[in-house]
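Biologist: I'm new to this one. Could you show me how to read the surroundings of a ligand?

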Amino acid sequence: MLSDILLINIFQTAIVAAQSAGQFIMENVDKAIEINFKGRANVVTDVDRGAEEIIISMVRESFPDHQILAEETPAINTSSPFKWIIDPLDGTTNFIHGFPAFAVSIAVEYNSDVIIGVVYDPVRKELFSAIKNRGAFLNRNQIKVSNIKTLSESLLATGFPYELQGNFNLNMDIFREMYQNSQGVRRVGSAALDLCYTACGRFDGFWEFDLNPWDVAAGALIVSEAGGKLSDFSGKDFSIYGKQVLATNGLIELEMLFNLAQVHK
Ligand code: IPD
Ligand code: CA
Ligand code: CA
């Protein structure tokens with residue numbers, strides 16, 4: 001049984017780690033940074049790695065036996081029921097270009113269930129957080145999804161995978177469908193922020209293919225704790241290990257699923 005004291009201790013460690021990594025990222029904005037290509041457009045910088053080191057060393061110091069799944073370093077597997085899922089810099093391409101939309105994302109699983117999610121935007125100093133069954137917060141204020149009822153009045157968000165093969169044409173078809181049937185579609189470049197913005201009502205819905213657990217684990221908990229709905233593109237249960245995320249305010253979920261079904265057979 002997980003005690004409240006331990007839960008809060010883990011939550012606070014996640015917050016301090018996200019804020020420390022965020023501060024490090026901001027100290028490196030506009031500096032000459034080393035960029036390495038992981039794929040066609042998929043890049044990693046020494047700032048991604050430095051931020052990840054900061055987070056992992058804080059986690060290891062407080063919880064040396066916990067498992068860690070982080071984007072830039074090999075996974076640490078132990079017999080602990082706790083697993084930290086870390087994206088040290090979500091929105092690296094934006095960061096490199098000085099486009100101010102990137103965030104640190106940290107989630108914690110307990111027995112394969114995400115129980116804590118923290119997303120920190122160091123540009124706006126916005127801390128999105130949630131503990132399972134205890135609501136979602138932006139800084140100290142509780143947040144809720146929007147109450148927009150129709151897709152035609154909705155502002156949506158999406159993202160595109162770095163690689164052009166695979167679902168590329170399908171992605172374009174889905175984009176066309178959503179663009180035609182909504183008030184607008186934004187492509188921010190940080191899936192963690194897309195989810196948090198859906199959680200606090202800035203977006204009414206978000207979909208994306210081919211994300212990784214570290215992109216979505218924290219943000220997905222924040223959406224559901226804000227009263228939103230998550231599924232895959234067929235309306236089946238969402239998994240952070242799956243390759244499809246549909247996050248909505250709940251009210252436009254059926255319409256978005258209908259539009260996805262038009263092109264995603
Ligand atoms: C990326 C961002 C982007 C999404 C990409 C992700 P990264 O994460 O979340 O919005 O479209 O698929 O890989 O590489 O900047 O951590
Ligand atoms: Ca990411
Ligand atoms: Ca990243």
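Biologist: Which atom of ligand 1 does a polar side-chain atom of glutamate 208 approach, and at what distance?

Modeller: A polar contact is a pair of N or O atoms within 3.5 Å. Here, the glutamate 208 side chain places a polar atom 2.7 Å from an oxygen atom of ligand 1. The protein buries 95% of the 380 Å² that ligand 1 exposes when taken alone (Shrake-Rupley method, 1.4 Å probe). This is a predicted model, where local features need pLDDT of at least 70, side-chain atom pairs count only at pLDDT 80 or more, and totals for chains, interfaces and linings use all residues. Side-chain values use heavy atoms, leaving out hydrogens and water, residues are numbered from 1 along each chain as its sequence is written, and chains are lettered from A and ligands numbered from 1 in the order written.

Biologist: Why does ligand 1 lie between two domains?

Modeller: Domain bounds come from an automatic or database assignment. Ligand 1 lies between domain 1 (4-142) and domain 2 (151-263) because both give residues to its shell.

Terms used: A polar contact is a pair of N or O atoms within 3.5 Å; within protein, one must be able to donate a hydrogen and the other to accept it, and residues adjacent in sequence count only if both atoms are side-chain atoms.
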